[in-house]
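Work through the exercises below with the sequence and the model at hand. Each task is followed by a worked solution.

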Amino acid sequence: MQSKSEFPFFEDDSEARLRTILENHLEEARQRAFSLIREAREDENGCLVTDTAKPRKVRFRGHQWEAYRFIHCVLNEVAASRDHVVRHRCHERTCINPAHLEIGSQADNKRDDWANWAYGVDPDYL
Ligand SMILES: [Zn+2]
């Protein structure tokens, strides 16, 4: 049922793919996210890091994701668009600890306002 490479719009196949996952494959995706977390190593800062120089990628349902983005979106059930970046509060790019990840808009200076408005949370609150 997948209509690959048929997205008629320039906009956001990443968001559409995420939405499909959240709607149809959530449990499978969660299992995948948890297994990535289990495979990671906890460092002295509480980061769950992978032993790779670059952020780890994960393949799921025919598409490759950055593991941290995948984990954040799946566990929080957020279909992030390209305008939204998943950030590391801990500034450790390979960290996949869900508690260290937050989503923000590309417009950096608007980020806090946006998060407050969208989620009702203060992004600086730990
Ligand atoms: Zn971290």
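**Exercise 1.** Determine which residues of H2 are buried, and what they pack against.

Solution. Take a residue as buried if 20 or more other C-beta atoms lie within 10 Å of its own, exposed if 12 or fewer, and partly exposed in between, with C-beta atoms placed from the backbone. By this count, Ala29, Arg32 and Ala33 are the buried residues of H2. They lie on the same side of H2 because they cover an arc of only 100 degrees around the axis, taken from the directions from the helix axis to the C-beta atoms. Exposed on the other side of H2 are Glu27, Gln31, Ser35 and Arg38. The packing partners of the buried residues are helix H1 (13-24), strand E3 (57-60) and helix H3 (67-76). Helices (H or I, at least four residues) and strands (E, at least two) are DSSP runs, numbered from the N terminus. The model is predicted: local features need pLDDT of at least 70, side-chain atom pairs count only at pLDDT 80 or more, and totals for chains, interfaces and linings use all residues. Residues are numbered from 1 along each chain as its sequence is written.

**Exercise 2.** Describe the largest nonpolar core and the contacts of Ala67.

Solution. A nonpolar core is a set of buried Ala, Val, Leu, Ile, Met, Phe, Trp, Tyr and Cys residues joined through C-beta atoms within 7 Å. The largest has 19 residues. H1, H2, H3 and strand E6 (101-105) each give two or more residues to this core, and H3 supplies the largest share, six residues. Ala67 is among the residues with the most contacts inside the core. Contact requires C-beta atoms, placed from the backbone, within 7 Å. Leaving out residues up to four places away in sequence, Ala67 touches Leu36, Pro55, Arg56, Lys57, Val58 and Ile96.

Notes:
Two residues are in contact if their C-beta atoms, placed from the backbone, lie within 7 Å.
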